[in-house]
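Reader: Please take me through one part of this model in close detail. Pick a residue, follow its surroundings, and give the cut-offs as you go.

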Amino acid sequence: MFWKRKGWLRKQFNDQLIERLQRYRDEWMGKKQLIDKSVEPSDKIICDLKIAEAKYLFLLREAKKRKVSIGKG
């Protein structure tokens, strides 16, 4: 009885992790493109880029530790 719930919770949290991982990757890439296109990026934008990159890499490490993959089916 408890094992089914544990598996269900693990799947739910893994799905949330994948969703956040994709969202933070898109955010990071968007800010990276903004800096690439700007002539003189401000310090705040550079700082925001580094924060977005750190969030993405942290979640990526967590996904690797949990052995979560984004796959078909």
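Author: Start with Trp 28. Leaving aside residues up to four places away in sequence, Trp 28 touches Leu 49, Ala 52, Glu 53 and Tyr 56; contact means heavy atoms within 4.5 Å. This is a predicted model, where local features need pLDDT of at least 70, side-chain atom pairs count only at pLDDT 80 or more, and totals for chains, interfaces and linings use all residues. Numbering runs from 1 along each chain as its sequence is written, and side-chain values use heavy atoms, with hydrogens and water left out.

Now the rings. Rings of Phe, Tyr and Trp (its six-membered ring) pair if their centres lie within 6.5 Å; planes under 30 degrees apart count as stacked, over 60 as edge-to-face and the rest as tilted. The count is 1 aromatic pair. Trp 28 and Tyr 56 form it, stacked, at 5.4 Å centre to centre and 25° between the planes. The partners lie 28 residues apart: Trp 28 is in helix α1 (residues 2–37), Tyr 56 in helix α2 (residues 43–66). Helices (H or I, at least four residues) are DSSP runs, numbered from the N terminus.

Both Trp 28 and Tyr 56 are buried, meaning under 20% relative accessible area with a 1.4 Å probe, protein chains only. They belong to the largest nonpolar core, which has 12 residues, including Leu 49 and Ala 52. Such a core is a set of buried Ala, Val, Leu, Ile, Met, Phe, Trp, Tyr and Cys residues joined through side-chain atoms within 4.5 Å. α1 gives the most to this core, with 6 residues.

Definitions and conventions. Helix = DSSP H or I, 4+ residues; strand = E, 2+ residues; numbered from the N terminus. Buried < 20%, exposed > 50% of the residue type's maximum accessible area, 1.4 Å probe, protein only.
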